[in-house]
Structure formats: C-alpha cells, structure tokens
Amino acid sequence: MREALYQPFFQDLAVGMRLPTVELGPMDRFDYIPIALILRDTNPLHLDRVYAQERGLPDVVQQGPLNQAYLYRYFTSWLHDPWDLIATKMRFAANVFPDDVLQCGGEILELVEAPAGSGVVNCAVWQRNQAGETILTGEASARIPSRPMSTSVTHTSPAP
Amino acid sequence: MDVDRTTLIGRALRPATYTVTEVDVNDFLGVVDEPAFVATGDEQAAGAATVSAPTGSRLAPPSFAPFVAVLGLLKTFDWGDDFLFDYRTGTAMFGEQSIEFHRPLRVGESVAISAAISDVYEKQGKRRFDVIEVSFQISGSEEGDRLMSGQQSYILFK
C-alpha cells in the first residue's frame, strides 16, 4: 500500500494509505524531570529507579502524557497546520522505559470530502517500542486542505 | 471488602483553572522538540517562525494539549474524596483519553476546567480494576469559549 506524503492535499489521499513511519529515541530519563515539573507530578515511579524496581518494574516509567505528546507531534507534523487537528482518541497499552526506541505510525481509515475540495481525514495512529509492543493506540482526525488551483503554465524554449 | 464506586456516577467535580505559562511551554519544548513551535528566546537562533494566532499571540503546540487536560483534571478531584482511592497504597493509571479540539491553545491564557464522573464500571484483566470515566470541558476563562472537550478514564486496581 502506498505511503501518504508529508503535508498532503486532500486529493493525494486514499483510504488504506500508510502514514510515514517515524522512529524516535532512545528515550532519556533526564527528560522525565522537566516533565514531572510541568505536570506537578512528583510520583517517584517516574524519577526513582530503586522505587520502581521495588514494584517489579525494570526501571522508572516514562510519563504517559509524554508518550502521547510524541504521538501528537508525529501526527500533527504530517499536517499543513498542526492546529488542523480536530480530535484524538488514545488508549495507553504499555509503559515506556529509559533507552526505549519508539516507532510511530498510522493508516488512513476514512476520508470525508467538504464542498470546496478540502476534507477531513481520520487515521489510526499507534506507537510501539523496539520489541514491537504497542504503547499507545488510537485515532486522530484533522482537516486537510484542497490542492490549490494551478495557475496557467507557460512553456518557454530553452535558452540558445 | 470492595468499595462500590458506581455511586460516584454523575458526581460533578470541582471547577479548576490552569494558566498555560510560557515557562511550562518552553520546558515542554525543551523535551519534545517541535520545529514549528520554537521556545521563546530561541526564535532567531533556530531561524524558524513560531506559529502564531491571527491576533499575534503565541500558540502552544497541540502536543501540549494532553498535558493541559491531565494537569487541569488533576485539579478537579481528590483521589480519596472523589474516587474513594488511596493513592499512597493503591495503584492507578491512565486508561483512555479522547479530546475534541475547538480552537488552538494560546500561551499565556488561563483556562477553566469543568468535569464530572460520567461512568464507573469494573473490568477484569490480569487483575480486577474499576474504570472511572470523567467527561470534561476546557474553556478560555476570560472569553468563556470552548477550547477542548473530551473524556479521560482512570484505572484503579483492586
């Protein structure tokens, strides 16, 4: 199945097209400190490896909203304007740990055309770790503009 | 004995506000690099334009939206009083989050969050747990216009 180009026009898209897959990482445990401060969440599960291991986890757990942020960035960077985003629905399926490498991907599920040739795309989106385990899964929808009307094409002879 | 949380269905949670501060957004962009949303002070160094609203105010990236929802919602409830849950001894995690976006999020704006418990049900996985579904609305606290609305579920293990 074909892959949809970045910042596509509505006319370029078809149901079943894959979004370009992106890999990111490795995840950095030092990123969890500013994220904990932003979220006002000092849960030691995200910051204290000994505490996490005492609870049977291999390491500290990356904050869920950070996993989501990477998937949002992935999807919205595919759009002409990131705020063309209409809606998201995401389910947390597994934890992310330091040094994990994440892969984000998606597929077009539905296209709804608007009168002016633009439209709305609804995509399945997912995030997996290096073992192929699903971290996040869900859907995202966005407005996609119509391809601009082409201006008249002037043919010129090559310079002698 | 198990706590019956179905009695919580319909409970309105307390109203809350959150200000989308420049510090929070800049710290966020320090981790989640968003080329179209450069941190304040980095515009020239990055040689990129920060996405702006038509009014000229700076926009936060959509990737910051889950943070606003999570942060805002955490201010609307008390784990013990509203969810009958002791966070110190129990285990809780996020379940599913859905958000509908009504307009972009501006840096510096204060937002108002209203929320209510829309459903509670028990599920069985490897362990038994309750799912608490919270419906929320986030509005501009000055204009009162809708910014985001959606649902967030919390999983409380038994």
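Chain A has three helices and five strands. Helices here are DSSP runs of H or I with at least four residues, strands are runs of E with at least two, and both are numbered from the N terminus. From that end, the order in chain A is β-α-α-α-β-β-β-β.

Before going on, the ground rules. This is a predicted model, so local features need pLDDT of at least 70 and side-chain atom pairs count only at pLDDT 80 or more, while totals for chains, interfaces and linings use all residues. Residues are numbered from 1 along each chain as its sequence is written, and chains are lettered from A and ligands numbered from 1 in the order in which they are written.

Overall shape next. The C-alpha atoms of chain A fill a box of roughly 75 × 45 × 30 Å along the principal axes. Buried residues are 34% of the 160 in chain A. Buried means 20 or more other C-beta atoms within 10 Å of the residue's own; exposed means 12 or fewer; partly exposed is in between; C-beta atoms are placed from the backbone. Now contacts, meaning C-beta atoms, placed from the backbone, within 7 Å. Take those in chain A between residues at least 6 apart in sequence: 63% join residues at least 24 apart.

Now strand 4 of chain A, residues 119–128. Is it enclosed or open? Seven of its 10 residues are buried, so strand 4 is largely enclosed by the rest of the structure.

What does strand 4 of chain A pair with? Pairing requires at least two DSSP bridges between two strands. On one side is strand 3 of chain A, residues 102–113, antiparallel, with 10 bridges. A:I108 has A:C123 in strand 4 as its bridge partner. The hairpin of strands 3 and 4 of chain A has five residues between the strands, and A:G117 takes a positive phi near 95 degrees.

Strand 4 of chain A also pairs with strand 5, residues 134–144, again antiparallel, over 10 bridges. Here A:N122 stands opposite A:S141 in strand 5. These two strands form a hairpin too, with five residues between them. In that turn, A:G132 has a positive phi of about 85 degrees.

Last stop, chain B. B:S139 lies in strand 4 of chain B, residues 128–140. It counts as partly exposed, because it has 17 C-beta neighbours inside 10 Å. Beyond its neighbours within four places in sequence, B:S139 contacts B:V111, B:A112, B:G144, B:D145, B:R146 and B:L147. B:L8 is 131 residues from B:S139 in sequence and 24 Å from it, C-alpha to C-alpha.

Technical notes
Two residues are in contact if their C-beta atoms, placed from the backbone, lie within 7 Å.
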